[in-house]
Amino acid sequence: MSATFHSASQRNGSVLVVVLCVCLGLVSITLLFGHSMLMAYRGADNDLSGRQAEQAIDGAARYVELLMATAETPGLMPDITSYESEAVPVGDATFWFLGRAAETTTNGTTRVFGLVDEASKINLNMRVSDPQIFLDILGKLPGMTAELAAAIIDWRDADEDVTPGGAEAETYNRQTPASSAKNADFESVEELGLVSGATRLILYGEDTNLNGVLDANEDDGEINLPSDNSDGKLDPGILEYLTVFSKESNKQSDGTTARINVTQPGTELTTLLTEKLSASRANEIMASLGTTTRFNSVLAFYVRSGMKPEEFDLVSDSLTTSDGDSVAGLINVNTASETVLACLPGIDTDKASKIVSQRLGSATQSAGIAWVADILGPDGVEQAGPYLTGRSYQISADVAAVGRHGRGYRRTRFVIDNSTGTPQIIYRRNLASLGWALGSDVRESFASTKGIQ
Ligand SMILES: [Ca+2]
Ligand SMILES: [Ca+2]
Ligand SMILES: [Ca+2]
Ligand SMILES: [Ca+2]
């Protein structure tokens, strides 16, 4: 009896245990199910947020095309105050244009939102009269090695003659898989990754997410990748300073008439000066030019002409020293950084610094270049003049975006070309894999408002 009772109570106890187990099992299944539902929901939410972010990025690209199409002065970078660049709402999504500080002295410590001028960079395909000039320009880039500079020359020149320290087919043939030098122009800066001597460190430097800003992991030494010198300054790689896209049409602002070649000054030039200035000034200027036609740049022509800066700025966009349909690779003195300017012949760090500080001190944005002649001096004009412009026709928009609740991070960099008068996207690259590029403050702002991230 007692045994039966015991056994019954044992059985009851077992049943209870079984029931409890089943209940616990059901609860855990429910919890598990609930959790997976939540994960599925979050996944779907992330998918939706990602799609929203992608749509915001496409919208941002169209916004830049519109800005360029409606610009009052073609070739003038849109003024930062004339467009939205930071935390721009598009429905439930938000986008940012990752920009660059105007001063290089901020060392990546200032987050700047805005569009970037491709003509503010050195063009890997720029034309020079002597390869040594380009070798010197490249050699002044921070972190550049003599070997890589030489290999860049060899990569794009048509011949198989090895520049000292460089690389042609014989070097690439020894690689696995065997390849050869391209012997043609670069189509993107990413192509540099194929060039002999290029390393991740030289290309990216400390700026592994290519946002121009010193992120926490880029200033903590060896604690997190990349390895950096934790000196509180961003040491970017050469990608920061290079482009393949800068190009301007060699037409006057009407888009059809060829610019006037000042190395063959004739009645066209007199007519232009008469129209833009006056008949008497045209005569004086033509007289002071005399028979000299050996100008290697429009800036050198200006120095010789005796024009006032404001006179030259009225005519400079109608002048050229080239007979080609377009001119590629000129550097815009109105947007280029001190680092880029100091790479050019005839511009030392002192002059580069003066150019940038005078530009920052000016109240209005300019497309003129006369103002740099005073800083450069006659020798500087002679050497740097052939590589300078005041205008830009290719803008890059590095767009980062999130969907609702700050989720679904996406990033795409576009280059939009307006050299034909109709803006069009000529480059698009997904940069989301480089990781979050908006800093901890933006992430925290979403976390604090939505409790997510
Ligand atoms: Ca070659
Ligand atoms: Ca960075
Ligand atoms: Ca680090
Ligand atoms: Ca550093």
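Helix axes here are lines fitted to C-alpha atoms over the stretch in contact, and angles between them run from 0 to 180 degrees between N-to-C directions. The model on screen is predicted.

**Stop 1: two helices**

Select residues 131-139, which form helix H2, and residues 146-156, which form helix H3. Their axes lie 9 Å apart, and the packing angle is about 140°. Angles over 145 degrees would count as roughly antiparallel; H2 and H3 are therefore oblique to each other. Turn the view to look across the pair: the crossing of H2 past H3 is right-handed.

**Stop 2: the residues between them**

Show side chains on the H2 side for Pro-131, Phe-134, Leu-135, Leu-138 and Gly-139. On the H3 side, show Ala-146, Ala-149, Ala-150, Ile-152 and Ile-153, which these H2 residues meet. By class, the contact has nine nonpolar residues, one polar residue and no charged ones.

**Stop 3: the two domains**

Now colour by domain. The domain assignment places domain 1 at 119-243 and domain 2 at 247-389. Taken over C-alpha atoms, the domain centres are 30 Å apart.

**Stop 4: where the domains touch**

Which elements give two or more residues to the side of domain 1 that touches domain 2? Select strand S4 (122-123) and H2 to see them. H2 supplies the largest share of that side, with three residues. In total, 15 residues of domain 1 are in contact with 15 residues of domain 2. Colour the domain 1 side by residue class: eight are nonpolar, three polar and four charged.

Conventions:
Residues are numbered from 1 along each chain as its sequence is written. Chains are lettered from A and ligands numbered from 1 in the order in which they are written. This is a predicted model: local features need pLDDT of at least 70, side-chain atom pairs count only at pLDDT 80 or more; totals for chains, interfaces and linings use all residues. Helices (H or I, at least four residues) and strands (E, at least two) are DSSP runs, numbered from the N terminus. Angles under 35 degrees count as roughly parallel, over 145 as roughly antiparallel, 65 to 115 as roughly perpendicular and the rest as oblique. A crossing is left-handed if the near helix is turned anticlockwise from the far one by less than a right angle, and right-handed if clockwise. Two residues are in contact if their C-beta atoms, placed from the backbone, lie within 7 Å. Ala, Val, Leu, Ile, Met, Phe, Trp, Tyr, Cys and Pro count as nonpolar, Asp, Glu, Lys and Arg as charged, and the others, Gly among them, as polar. Domain bounds come from an automatic or database domain assignment.
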